[in-house]
Amino acid sequence: MSATMKDLLEAGVHFGHQTQRWNPKMDKYIYGDKSGIHILDLRITYDTLEKTQEFVQKLVANSGKVLFVGTKPQAQKVIEEQAIRAQMPYVNHRWLGGMLTNFKTIIKRVIYLNELNSLETSGEINAYPKPERLRIRREIEKLTKSIGGIVNLNKLPEAIFIVDLLNETTALTEAKKLDIPVIGLADSNVDPENVDFVIPGNDDAIRSIEVIAKAIADACLKGLGKREDVEIGEDKE
């Protein structure tokens, strides 16, 4: 387990929302309340995070991919950084409807973005008139924002990690429709019912999001390491 109980405490992972803003379905994950704020049970957080890391490690070792999702301002930078570190795809600006359920169409947009990027990197763009160059660069910027994090995703992910289940209801619904396992950082105000791995924790504080996302990324990297060991072993045979 890469995050210690001390890490979780110091990052304020245990701070939920005001007691009147809770979802009763989160009851079993709540330790108590203090000054009108729900306190999440860090022992459960620690245990579920450990189980989640084991699941992610195995999945990635078997060539699976985890899609990191977090589009709220506090999560954007963390999701991008940790997904890139873990060599995993991510969505950190806006979830496009159909990103999973209409994956074939999304892949066409990804191919189009890759084509535009190759115009830029090869220098071919310079052969175009100035207005056309500006149009292409604006298009690259727009597409990079929405699908730049999934340019290397050539098939549906094997799991999805969501920060703030209330904010990402479309992503959650699409994953469930396709039976894609969902890992969710679940604050005291969310409905955890459709989540396979519920990690109770503060989904508003940057440090809390970071400690959980980092733990998921660490598990991905361990899985990648095991995958490489297997491939090296196969090459030697």
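Helices (H or I, at least four residues) and strands (E, at least two) are DSSP runs, numbered from the N terminus. With that in hand, let's walk through this structure, a predicted model in which local features need pLDDT of at least 70, side-chain atom pairs count only at pLDDT 80 or more, and totals for chains, interfaces and linings use all residues. Residues are numbered from 1 along each chain as its sequence is written, and side-chain values use heavy atoms, leaving out hydrogens and water.

**Strands and how they pair**

- Two strands count as paired if DSSP finds at least two bridges between them.
- Strand 1 (residues 15-18) and strand 3 (residues 37-40) run antiparallel and are joined by 2 bridges; here Q18 stands opposite I37.
- Strand 2 (residues 30-34) also runs antiparallel to strand 3, with 4 bridges between them, and K34 stands opposite I37.
- Strand 2 and strand 3 make a hairpin with 2 residues between them, and S35 in the turn has a positive phi of about 50°.
- Strand 7 (residues 182-186) is linked to strand 8 by 4 bridges, and I183 faces F197 as its opposite residue.

**A helix across the sheet**

**Salt bridges**

- Side chains of opposite charge can pair when their charged atoms come close.
- A salt bridge here is a side-chain nitrogen of Lys or Arg within 4 Å of a carboxyl oxygen of Asp or Glu, and the count comes to 16.
- E10 and K6 meet in one of them (3.1 Å, N to O); they are about one helical turn apart because they sit 4 residues from each other in helix 1 (residues 5-10).
- K6 is exposed (over 50% relative accessible area; buried is under 20%, partly exposed in between, with a 1.4 Å probe and protein chains only), at 56%, while E10 is partly exposed at 43%.
- D164 and K72 form another salt bridge, their closest N and O atoms being 2.7 Å apart, and both residues are buried.
- R109 pairs with E139 at 3.9 Å between the closest N and O atoms.
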